[in-house]
Amino acid sequence: MRETVRTRFFLVFGGIFLLLFCYATLNLPSWGYYRGPYGDVVSRNVVYQRHATDAVNAINYDYRAFDTLGEEFILFTAVLGIMMLLRRQSDETVRDVGKVADSIRLSATVQSAMMPMLLVTVVFGFYIALHGQLTPGGGFQGGVILASAPFLLYVCENTDAFRQITSHTVVEICDATGAVSYALIGLASLVMGLPFLTNFLPLGTTGDVFSSGTIALISAAIGVEVTAAFLMVGYTYLEEIITGEVPEE
Amino acid sequence: MSTPYALTPLPVAIPMVGAALIAGLRKWLSRRLADSLGILFAAATLMVSSALLAASIHSPGVYWFGNWFPRGSVVLGIGFVAEPVGVGLAVLAATLTLLSLVSSWRLIDSGANYFQPLMLIFLAGMCGFSLTVDIFNLFVFFELMSTAAFALCGLKTAEPAPLQGSFNFAVTNTIAAFLVLTGIGLLYAITGALNMAQIGLAINTRHDSLVLFAFTLLTCGFLIKAAVVPFHLWLPDAHAVAPTPVCVLFSGLMVQLGLFAIARLRFVVFAQTFANHEVQLRSIFLLLSALTVLVGGLMCYAEHHLKRMLAFSTICHSGIMLFAIALGGPLAFAAMLIYLLAHAFIKAGLFLTTGILLHRLRAIGERSLFAKGKTLRWTAALWFLGSFGLAAAPFFLTAAGEAGISHAAEQTGNSWISWLCFVGGALTSAAVLRVGMHIFFGWGSEPITDQTAEVGELPETAEEDQRIFWYQYAPAAISILIPILLVAFAGWMHMVEDASVSFTQQAATLHLIYSGRSMQVGGVNWMAALQDSGLRGLFAWALGFVLACTSVFRVSLTRRLRIGAFLESGFSPLRAMQSGHPGDYVLWLTIGLASFGASALMLLRS
Amino acid sequence: MIWMGAGLLLLVALSGFVIVRTRDVTSQVIALSFYGIIMALVFFFFQAPDVALSQITVGAVALPLMIMLAISRMKFRAASRRNERERDA
Amino acid sequence: MPHVLHSLPYFVAAWLFFCGLYGLVSSKHLVHAVVCLAVLQSSTYILLLGIGYRVGGAAPIFTEITPRALTVDPVVQALMLTDVVVEAVVVALLLAMVVKAHEKSGTVSPDELSSLRG
């Protein structure tokens with residue numbers, strides 16, 4: 001189909017869809033007046049039931065932890081898929097085309113300023129990942145922040161260090177370990193005779209880093225997985241540019 | 001917690017653990033070890049889900065993750081229901097995965113051991129999808145299943161076509177996921193619930209534009225997965241490029257799970273919504289399914305790429321199953337389940353046979369395979385047996401399903417449906433027969449071909465070993481024989497009957513979810529309807545045979561009798577739809593969405 | 001307060017349209033990054049600090065970064081192919 | 001709540017959905033198409049978080065407020081939180097397909113990728 005014809009057709013039918021969508025939402029409760037009950041029941045009971053102060057993470061890692069297990073495996077699968085698609089085929093011979101010459105040169109001052117920044121990023125990432133049950137944050141966000149640290153190395157042209165960190169086999173193992181340990185936490189509660197993913201650990205004092213039982217544990221597992229996932233994806237995309245090796249045609 | 005239901009999360013958990021294990025140890029595992037682990041975990045999943053099936057037939061149960069029982073009517077956590085229909089689908093998923101993993105032992109290029117973990121995650125996704133009664137959890141497993149499928153589809157990265165096919169697949173199915181998520185959001189806004197039973201209770205008979213639009217979004221999202229016209233365009237592309245063991249799962253179960261989700265939504269969430277609009281709703285769905293059967297059947301006959309041909313046959317049969325959903329009621333639903341089961345195994349058998357051909361003869365196009373399979377007697381036998389199954393011949397389980405659908409159609413005064421089923425069966429079996437006559441007998445002159453007939457020709461197995469191993473034959477033979485054996489020992493159909501009655505009654509599901517116990521539903525008996533298939537399937541096969549002959553022997557026929565050859569050239573508008581361009585696919589999707597939404601709002605509201 | 005939220009929402013609607021109309025992918029990625037930040041602000045307004053944090057890290061940084069990496073990988077490959085051909089010629 | 005704002009976030013969500021579809025239909029560059037998919041996806045964030053919003057409600061974090069206080073809905077936030085991260089990686093998977101297709105066929109234009117036509 002020609003592009004103009006396609007767009008014209010789309011404007012008609014997409015327009016109908018847009019109108020239907022808007023028309024239907026007129027029947028929604030007015031914006032700003034959520035009626036419940038699900039969220040309200042959780043909000044009222046979360047501190048008492050789970051000794052967690054962040055209701056969002058309590059839902060993610062406890063009330064609806066099984067959803068998050070699924071989501072974590074989507075992440076895991078997507079990363080597997082990316083690695084598989086962009087892998088070196090065994091029959092491909094590589095050849096050196098040289099590294100990219102036109103990368104940005106950063107001044108020495110900027111480079112030296114990067115190191116403290118890197119440290120701050122790592123500490124911040126750990127903080128966010130480990131306080132999920134108390135304040136906004138948790139494994140997903142903390143993991144992404146942690147994963148960004150090596151990219152700072154790359155930006156300040158320490159590509160060797162970047163490569164050593166991100167291409168390490170440990171990263172790949174961490175990815176699988178993060179995924180499997182979440183499932184194993186679920187199975188552990190099964191072994192104890194409780195339903196899958198029951199919060200079986202002592203709940204501790206509200207406000208403590210080690211409170212809320214398995215919530216913190218799951219959050220940590222997710223943190224490991226997300227960090228590893230983003231590192232692997234980043235390295236996979238950058239591999240050719242860093243090594244300067246492309247497969248022969 | 002009583003013991004058998006403690007197994008409920010395992011069909012999801014076991015393959016997940018297996019996948020992570022194999023993926024983590026990927027670099028150190030030999031091919032053989034990775035394959036064995038994959039088979040081991042799939043077999044374990046099959047065992048636990050079978051045990052669960054046995055328990056759930058005895059008495060269905062409900063499983064609350066994290067020990068979050070409902071508080072009054074508010075459901076706090078995520079629930080799985082262990083009722084025979086969903087668990088049965090999980091068993092089917094595990095069986096098909098096991099069969100395809102066995103058939104790909106050592107042979108299929110596993111892409112450095114990425115293949116096995118992805119297959120296991122795919123299995124986990126399908127199991128979770130069929131067990132859950134939480135609507136957001138349904139979305140999560142929909143995404144999990146899709147993501148694994150996208151990756152598996154692009155396994156053969158050596159040529160551009162697989163990447164294009166999987167890109168189209170990924171784009172359309174990701175849009176499907178967002179449609180579903182938007183629908184979930186709208187329902188959550190008015191009910192404040194994510195459990196299907198609770199949502200069903202809350203919306204009750206409400207059928208304003210909002211509920212209807214949410215229904216449109218959810219249904220269209222799953223219709224995309226179910227490859228119903230005009231949402232079907234991604235399916236042939238995905239099948240053409242995916243490795244054959246993956247096609248087994250795509251055609252055997254993934255597509256039909258879309259229909260299953262629609263059924264679950266219709267019988268649990270929207271059970272009361274259309275109380276006064278049954279007829280209108282039925283006509284919308286009947287129109288879609290009739291279109292699907294015709295387009296699928298005609299395009300199936302017009303294809304010359306073996307996998308694409310079988311993919312269009314899946315579309316056609318998906319239309320037949322959608323008839324059952326359109327008709328509604330326990331009889332039609334039971335017929336759909338039986339048809340689904342039979343179709344899954346027949347399609348699996350045909351795809352596995354195609355895999356053998358691709359492995360042995362290193363080609364996939366009808367013309368390039370012409371007369372090359374004369375020595376492959378067993379492969380030929382399986383292939384032709386499969387054609388009887390597609391036509392719903394009386395000794396195949398498909399016949400029972402089709403008979404049930406026809407019976408339900410007559411009850412609602414739509415007996416034309418059985419004729420469309422007949423046409424669909426005839427066209428798809430004709431295509432399979434034509435290909436079989438060309439490849440295995442070398443009859444007639446050189447086959448007609450088309451542009452896409454050689455896409456993905458690159459064999460998926462290594463060059464050096466072209467022998468056919470027993471573990472390639474065995475899964476194919478088992479798959480073809482199961483639907484025959486299931487007819488011979490038909491006692492199990494009573495269970496489908498009972499399961500379908502409680503599945504289609506909202507009250508039974510509500511009772512199960514809120515009390516954890518099953519509800520006694522009134523005894524029914526329409527076993528006769530399922531077994532009264534008659535000889536129609538044989539006639540369909542015979543018609544297919546004649547049609548195939550008019551194609552194969554076209555040169556020795558007068559111009560007017562070359563019906564097969566005429567159908568084979570295809571209809572240019574239908575072919576033009578199949579452009580391989582993601583923009584076109586999204587456009588067709590929008591057209592379908594807007595038309596469905598507009599007709600739902602116009603017909604179902606008043 | 002509510003008007004600020006409304007303004008942000010309209011800004012999101014506008015920038016969403018701008019992104020799909022931008023045909024040059026590099027500028028599109030930069031637009032996407034800004035879009036991610038505006039979205040995060042909307043989430044703060046919606047009293048969703050958790051989602052906002054996740055949106056800032058992913059929507060505004062990680063996702064655009066990944067797209068940039070993909071683009072640069074494609075450019076790198078194309079450039080090395082071109083060099084190769086020039087040398088062979 | 002002023003009357004004009006009655007369904008503003010829902011309209012914005014519908015509009016973003018429309019924009020995403022439009023971008024996908026009219027796309028001439030596969031990376032562009034992937035970015036449009038990301039825009040389409042952001043429609044669901046606006047919709048769900050808009051649904052859970054409450055005028056005057058606090059964030060559902062109970063460090064400084066009591067469990068009885070008026071809060072916005074934590075459930076939709078939990079659903080979206082994971083979704084933001086996960087969908088980003090799914091988008092990266094699509095990008096990987098585009099990158100690989102580019103390596104194998106040398107083009108990123110959907111019009112030129114035509115091996116599956118007909």
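Tutor: Let us begin with L535(B), which sits in the loop between α20 (527-531) and α21 (536-552) of chain B, where helices (H or I, at least four residues) and strands (E, at least two) are DSSP runs, numbered from the N terminus. This is a predicted model, in which local features need pLDDT of at least 70 and side-chain atom pairs count only at pLDDT 80 or more, while totals for chains, interfaces and linings use all residues. Residues are numbered from 1 along each chain as its sequence is written, and chains are lettered from A and ligands numbered from 1 in the order in which they are written.

Student: Why does L535(B) count as exposed?

Tutor: A residue is buried if 20 or more other C-beta atoms lie within 10 Å of its own, exposed if 12 or fewer, and partly exposed in between, with C-beta atoms placed from the backbone. L535(B) has 12 C-beta neighbours inside 10 Å, and therefore counts as exposed. As for its place in the chain, L535(B) is 398 residues from N137(B) in sequence and 43 Å from N137(B) in space, C-alpha to C-alpha.

Student: What makes α4(B) and α10(B) roughly parallel?

Tutor: Helix α4 (residues 115-131) and helix α10 (residues 244-269) of chain B pack at an angle of about 25°, with their axes 11 Å apart; the axes are lines fitted to C-alpha atoms, for helices over the stretch in contact, and angles run from 0 to 180 degrees between N-to-C directions. Angles under 35 degrees count as roughly parallel, over 145 as roughly antiparallel, 65 to 115 as roughly perpendicular and the rest as oblique. The pair α4(B) and α10(B) is therefore roughly parallel.

Student: Which residues of α4(B) and α10(B) meet?

Tutor: From α4(B) come F122(B), M126(B), F129(B) and S130(B), and these meet L249(B), L253(B), M254(B), L257(B) and F260(B) in α10(B); two residues are in contact if their C-beta atoms, placed from the backbone, lie within 7 Å. By class, this contact has eight nonpolar, one polar and no charged residues, where Ala, Val, Leu, Ile, Met, Phe, Trp, Tyr, Cys and Pro count as nonpolar, Asp, Glu, Lys and Arg as charged, and the others, Gly among them, as polar.

Student: What is the handedness of the crossing of α4(B) and α10(B)?

Tutor: α4(B) passes α10(B) in a left-handed crossing, a crossing being left-handed if the near helix is turned anticlockwise from the far one by less than a right angle, and right-handed if clockwise.

Student: How do you know whether α4(A) is roughly parallel or roughly antiparallel to α8(A)?

Tutor: Helix α4 (residues 65-85) and helix α8 (residues 169-191) of chain A pack at an angle of about 155°, with their axes 10 Å apart. That angle makes α4(A) roughly antiparallel to α8(A). The contact joins L69(A), E72(A), F73(A), F76(A) and V79(A) of α4(A) to D175(A), A179(A), Y182(A), A183(A) and G186(A) of α8(A), and by class it has seven nonpolar, one polar and two charged residues. The crossing of α4(A) past α8(A) is left-handed.

Student: Which chains have the most contacts among the five pairs that touch?

Tutor: Chains A and B have the most, with 62 residues of chain B in contact with 56 residues of chain A. The residues on the side of chain B that touches chain A divide into 41 nonpolar, 16 polar and five charged.

Student: How many residues does the contact between chains B and D take from each?

Tutor: It takes 40 residues from chain B and 33 residues from chain D. α6(B) gives the most to the chain B side, with 17 residues, and that side divides into 19 nonpolar, 17 polar and four charged residues. Chain B and chain C, by contrast, do not touch, and their nearest C-alpha atoms are 14 Å apart.

Student: How does the radius of gyration of chain C stand against that of a compact globule?

Tutor: The radius is taken over C-alpha atoms, and the globule rule is 2.2 Å times the number of residues to the power 0.38. A compact globule of 89 residues would come near 12 Å, but chain C has 18 Å. Its C-alpha atoms fill a box of roughly 65 × 25 × 10 Å along the principal axes, and chain C has three helices and zero strands.

Student: What does the globule rule give for chain D?

Tutor: For 118 residues a compact globule would have a radius of gyration near 13 Å, but chain D has 20 Å. Of the 118 residues of chain D, 75% count as buried.
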